[in-house]
Amino acid sequence: MNPVKPGETRRTPWIVGVSGASGTPYAASVLRALLDAGESVDLVVSRASRLTLLDETAIHFRDAHWRDDLREWLARGADGKPGAYDLQLDRVRYWSAGDLAAGPSSGSYPTKGMLIVPASTACVAGVALGLSKDLLQRAASVTLKERRPLVVAVRETPLNGQTLRHLVTLDDLGAAVVPTSPAFYAGATHIQDLVDFVAGRVLDAAGVGHGLYRRWKGELGGGSAD
């Protein structure tokens, strides 16, 4: 054990799970915003999501080089241009998806909650059924049993009845289900604005402050204002 020393603050991270659905820019936006907010992050990247990340960004995400690969990923904008962002990763801890002995696999490991973004239908099913086939699903099960916030940003269309039933199960268990559906009232002029809107709604559901999108103020035409 590593007891907290007098004057120290216990590290209590948000777990961010990235599953194999399309939508890695959503995950990147959420991660950047958490770090900008001063939050600590425990990151779990599923095996399937590495294929999606490779397809959408041409980045190979490797356990042995996760810090370099993560920095390259988070530096890209939603349009794929490199070097759009610069950030420090000293508050990020990475856990391999196959490591079922990792910290987030236990309820005694302190976290603020978990965000799954994007969440594939396979991931949704696994969490709803309590399969715990990998660390991402196990961490989600732990989050639910410990009554911590769980936000599931599902990315699929159309949704069949089976997936809808799984989403209702997650809602019944206390999770917040956030479809990755961007809105247009915030005055989006770039693909990054649409991505950031969804990321912002994920963070809203978790109670994390951010400035990712223009909020509705009850004034028609606000989205088209300069």
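These are my notebook entries on a predicted model.

**Ground rules.** Residues are numbered from 1 along each chain as its sequence is written. Local features need pLDDT of at least 70, side-chain atom pairs count only at pLDDT 80 or more, totals for chains, interfaces and linings use all residues, and side-chain values use heavy atoms, without hydrogens and water.

**Helix α1.** At 1.5 Å a residue, its 13 residues should span 18 Å, and the end C-alpha atoms are 18 Å apart, so the two agree. The expected span is 1.5 Å times one less than the number of residues.

I then checked cover (buried is under 20% relative accessible area, exposed over 50%, partly exposed in between, with a 1.4 Å probe and protein chains only). In α1, 11 of 13 residues are buried, including Tyr 26 and Arg 32.

**Aromatic pairs.** How many aromatic pairs does the structure hold? I found 6. Rings of Phe, Tyr and Trp (its six-membered ring) pair if their centres lie within 6.5 Å; planes under 30 degrees apart are stacked, over 60 edge-to-face, the rest tilted. Trp 66 and Tyr 94 are stacked, 5.5 Å centre to centre with 25° between the planes. Trp 66 lies in helix α3 and Tyr 94 in strand β3, so the pair ties together parts 28 residues apart in sequence. Both residues are buried.

Tyr 185 and Trp 216 sit edge-to-face, at 6.0 Å and 75°. Tyr 185 is partly exposed at 35% relative accessibility. Trp 216 is also partly exposed, at 48%.

Definitions and conventions. Helices (H or I, at least four residues) and strands (E, at least two) are DSSP runs, numbered from the N terminus.
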